[in-house]
Amino acid sequence: MEPVLRVEALRKSFTLHNQGGIALDVLDAVDLTLRPGECVALDGPSGSGKSTLLRAIYGNYLVSSGRIRVTHKGAAIDMAAATARQILDIRRHTIGYVSQFLRVIPRVPALDIVAEPIRARGHEYESARAEAERLLRRLNLPERLWHLAPATFSGGEQQRINIARGFAVAYPVLLLDEPTASLDADNRRAVQDLIGEALARGAAIIGIFHDAEMRARVATGTYRMSEAKAA
Amino acid sequence: MSAPPGLDDAPLLSARGVTVTYGRRTGCRDVSFDLWPGEVLGIVGESGSGKTSLLGALSARLHPAAGSVRYRDRTGRVADVYRLTEPERRALVRTEWGVVRQNPRDGLRLNVSAGANIGEPLMAIGARHYGAIRAQAADWLERVEIAADRIDDPPAAFSGGMQQRLQIARNLVTGPRLVFMDEPTGSLDVSVQARLLDLLRRLVADLGLAAVIVTHDLAVARLLAHRLMVMQGGEVVETGLTDQVLDDPQHPYTQLLVASILQV
Amino acid sequence: MLAGYNFAYLDEHTKRMIRRSILKAVAIPGYQVPFASREMPLPYGWGTGGIQLTAGIIGRSDVLKVIDQGADDTTNAVSIRRFFARTAGVATTERTAQATIIQTRHRIPETPLKAGQIVVFQVPIPEPLRWLEPRESETRVMHALGDYGGLHVKFYEDIVRHGRIVTTYDYPVLVNDRYVMRPSPIPKFDNPKLDMNPALLLFGAGREKRIYAVPPHTRVKSLDFEDHPFTVERWDRPCALCGAPDSFLDEIITDDRGTRMFVCSDTEYCRGRSAAKAGE
């Protein structure tokens, strides 16, 4: 099967101008290929750049060199060289991202946060909300929380909203950063099911799973992060 | 909600080499960018960065010393804003743009009722049915979360947050495609800000508005803008996706700005 | 005629300047033409604009009528009529039908006008947008752009506060579908007379130095809302003197006990009707 994502010779270093200009090399020559139905677990110690790699693929971090080729609407686009507009469109349709922490917007209720990526693709409010409700129910988020803004929710509740948001749209590529870190066994299982269903429909996933059991259940392969070169 | 535009749409607003000077002082220099329908561009910087000069030049209020600002109107026609005649330019601002000022008192008629404030842009483009104008004003009051029974009250009696929401309603009632905002929450208390930002977010998304928002507050930029331009000393020092510029700033000045934000 | 003065007081160059302004005003109905208003032998606010217009157009064969609030015999009307009698030696009249030039303050005569007649209006403030925008530079641009939305704001507020538009005189009108004009402080009752009138209507503001005009047979429409259309004043009784059912009535207190009667403000019209009735 044709790969849906190809990371080639990716390098990422950060230059901290206001701290003497020190450079931190975090990613060095990452090569990774992802096909539909695959779930690759990033493996490596803390600081080896796992989150950085996910963010670079998502366009949240710029890359220092290398390519990130994703199949978007039938054509191959290099995220590293794409325009802001293209990246926004890719995020809308092709690549979904579940971050480690929910970024809370004041006053926006949980349901709307989950529904937002569906609405961004042009769907009507009612159907987007219905799908959001379905996902939150699956993740056992109590209904009484649906219409509240998540600022005061627990870590686990916020994480479930984050996950629901990531799975609200059938992205061809999903990036998961510690999706079950704050969840109990039941909810971990729910996430596992969601991942399984996504893979079954042909999604391709890269994930960071500290939970070994989860990793064993969902990962179809592993990518080992190399140690970063010292600056 | 309106469907997002295809990637092959032409830009809505194009700035090329925009330079604003005040005698020998430079407001902003050589600024270029494109803005597409439905996109929100944030212009961030501290005082003296040139962001207000730039906004003035973009919104047809400040004639640039060099460069061009082009706008594509509803019919698809592209116009060089400063080559239009004055009547054409005013018609453009009246029918396709909105301008939200930092201080709502600069953008409202304080001694005329809230309903008349919202109705005036409609009357200015030829609306002549009192009942219909009043109904539209009432509809917009609801959309900006102002109690319906305030429709006949003059905004001189409103709180700052209400005045700002009224200004937004006044600007959006004609269905503009592009809105310019100068520090829209600048004069408001923090708790009031949150409500206004939420409103702006929803309106921009629901109406498919394009917007250029000038702010010194990075949190406001993060919340509202798809893309950011960071300005320092009259020049654009960094530009890109909002989350990328704020999470992975490249330019020393941007890094300084981001690092300077106090955490609550 | 007074010796040592020009015909009708003004020198011929000044009259030429005024006529050029009039021609421009007639060519652009409702548009305020600036003119070099001269010092006249009466202060600003007393009709210097109207007098300059009349002086600019009056000729030996003209017949002049002057009214103030509809009456020929008020102080100002008498003074102005005598002024022209002395400086131009022209015939004067109180009969609307006989006049070729009618200078007026605050009324249009009830007797329908004919082609060839000229009405000269005395205007205090010519600019309809002045209450909205104090800057002359800005109001000129607003007229140029047809930017009249703000005017309707006042009407909107009237309806909010009073349930109807409360402007009753000097009621703004749209002339020839283009410029908004103040018709001088005539009651709104007279506004319909402006529309498609066979006479030439000239407006002069001496202090503000503006001349404007409504040529014969020009569309003049009073501003309103579709659902609050323009209406005129009505009385529940006819004129107490002549029985006219459809003229503008003044309320006159006749004694110290508050007895009042309503009579035509147009004294000549009233007299004419009364005479006709008596002759029957």
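Guide: What follows is a conversation about this predicted model, in which terms are set against their cut-offs.

Visitor: How do you know which pair of chains has the most contacts?

Guide: Two pairs of chains touch, and the most contacts are between chains A and B. On that interface, 30 residues of chain A are in contact with 30 residues of chain B.

Visitor: How do you know that chain A and chain C do not touch?

Guide: Contact requires heavy atoms within 4.5 Å. The nearest C-alpha atoms of chain A and chain C are 35 Å apart, and the two chains do not touch.

Visitor: How is the size of an interface expressed, and what is the value between chain A and chain B?

Guide: The size of an interface is often given as the accessible area lost when the parts come together. Between chain A and chain B about 2,500 Å² is buried, and carbon and sulfur atoms give 52% of this area. On the side of chain A, the residues that lose the most area to chain B are Arg85(A), Arg107(A) and Arg119(A), together 28% of what that side buries.

Visitor: Why is the link between Arg107(A) and Asp198(B) called a salt bridge?

Guide: The term requires a side-chain nitrogen of Lys or Arg within 4 Å of a carboxyl oxygen of Asp or Glu. The closest N and O atoms of Arg107(A) and Asp198(B) are 3.2 Å apart, so the pair forms a salt bridge. Between chain A and chain B the count is seven salt bridges.

Visitor: Which elements of chain A give two or more residues to the side that touches chain B?

Guide: They are strand S1 (5-16), helix H2 (84-93) and helix H3 (110-119) of chain A. The largest share, eight residues, comes from H2(A).

Visitor: Let us turn to chain C. What makes strand S4 of chain C mostly covered?

Guide: A residue is buried when its relative accessible area is under 20%. Four of the five residues of S4(C), residues 101-105, are buried, and the strand is therefore mostly covered.

Visitor: How do you know that S4(C) pairs with strand S2 of chain C?

Guide: Pairing requires at least two bridges. S4(C) and S2(C), residues 63-68, have five bridges in the parallel sense, so they pair. Within this arrangement, Leu64(C) stands opposite Ile101(C). Strand S5 of chain C, residues 118-122, is joined to S4(C) by four bridges and runs parallel with that strand. There, Gln103(C) stands opposite Val120(C).

Key: Residues are numbered from 1 along each chain as its sequence is written. Chains are lettered from A and ligands numbered from 1 in the order in which they are written. This is a predicted model: local features need pLDDT of at least 70, side-chain atom pairs count only at pLDDT 80 or more; totals for chains, interfaces and linings use all residues. Side-chain values use heavy atoms; hydrogens and water are left out. Buried means under 20% relative accessible area, exposed over 50%, partly exposed in between (1.4 Å probe, protein chains only). Buried area is the accessible area (1.4 Å probe) that two parts lose on being put together, summed over both.
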